[in-house]
Amino acid sequence: MANLEKGLIQIYTGNNKGKTTAALGLTLRAVGHGYHVFILQFMKGRQDYGELQGLKRLEPECRLEQYGSPGWVFKGQAEENDRREARAGLERAREIMLSGEWDIVILDEIINAIWFELIPEEEVIELLAQKPEQVEIIMTGRNASPQLIEKAHLVTEMVDIKHPYELGIQARKGIEY
């Protein structure tokens, strides 16, 4: 395992697509340099995303686990199972981050899990405060709060300028999922 001298906190947020894609691009680059990357996906429970098969090819340097129920969660209508899955993901993230085995920990859609009230933002901020010096944390999701943005070293916003959905083009296998 290659160790980072100084791990930072990154956020990919915004209303356009590309947040998870950016995190996965970083994964590919990091594994190519010998880093170990652990990805925890929140709110993406056991669905057939193309990255699941692609990332298996990067094992053992890269691992991915999903924490979410199949289907959608609507704001204000989350079920206890949705909250339980998100809490389990957050606890697993803490375990992975503190294990000393992983250089980069990606918390995919954790910002959405906060916004959908599946986990309290304070608990995520507490997790960030416990981050070891050599671990990089990447968080993705829409609606990053000012508090999370303040904790981050890098924040990238995916701005919606033009999207194929506007033309009636649905999500395409291998491109959007």
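The model is predicted, so local features need pLDDT of at least 70 and side-chain atom pairs count only at pLDDT 80 or more, while totals for chains, interfaces and linings use all residues. Residues are numbered from 1 along each chain as its sequence is written, and side-chain values use heavy atoms, with hydrogens and water left out.

**The strand β4**

Let's start with β4, residues 104–108. Helices and strands here are DSSP runs (H or I, at least four residues, for a helix; E, at least two, for a strand), numbered from the N terminus. Five of the five residues of β4 are buried, so the strand is largely enclosed by the rest of the structure. Buried means under 20% relative accessible area, exposed means over 50%, and partly exposed is in between (1.4 Å probe, protein chains only). Ile-104, Ile-106 and Asp-108 point one way from β4, with Val-105 and Leu-107 pointing the other way.

Two strands pair if DSSP finds at least two bridges between them. β2 (residues 37–42) runs parallel to β4, joined by five bridges, and Leu-40 stands opposite Leu-107. β5 (residues 136–140) also runs parallel to β4, with four bridges, and there Met-139 is the bridge partner of Leu-107.

**Two nonpolar cores**

A nonpolar core is a set of buried Ala, Val, Leu, Ile, Met, Phe, Trp, Tyr and Cys residues joined through side-chain atoms within 4.5 Å. The largest one holds 33 residues, and Phe-42, Leu-107, Ile-110, Ile-137 and Met-139 touch the most other members. Elements that each supply at least two residues of this core include β1 (9–14), β2, β4 and β5. Helix α3 gives the most, with five residues. A second, separate core has 16 residues, among them Leu-26, Val-37, Ile-106 and Ile-138.

Phe-42 is worth a look: not counting residues up to four places away in sequence, its contacts (heavy atoms within 4.5 Å) include Tyr-67, Leu-90, Leu-107, Glu-109 and Ile-110.

**The largest pocket**

On a 1 Å grid over the protein atoms alone, a pocket is an open set of points where a 1.4 Å probe fits, with protein on both sides within 12 Å along at least five of seven lines; lining residues have an atom within 4 Å of a point. The largest pocket contains about 1,200 Å³ of space. It is lined by 34 residues, and Thr-20, Lys-44, Tyr-49, Glu-109 and Glu-176 are the closest to its centre. α1 (19–32) and α2 (50–56) each supply at least two residues of the lining.

**A few single residues**

Two residues other than glycine have a positive phi, as shown below.

Pro-60 lies in the loop between α2 and β3 (62–67).

Finally, is Thr-13 buried or exposed? Thr-13, in strand β1, is buried, with a relative accessible area of 7%. Leaving aside neighbours within four places in sequence, Thr-13 is in contact with residues including Lys-19, Gly-141, Asn-143 and Glu-157.

Key. Grid points are joined across faces, edges and corners, and a volume is the space filled by probe spheres set on the points.
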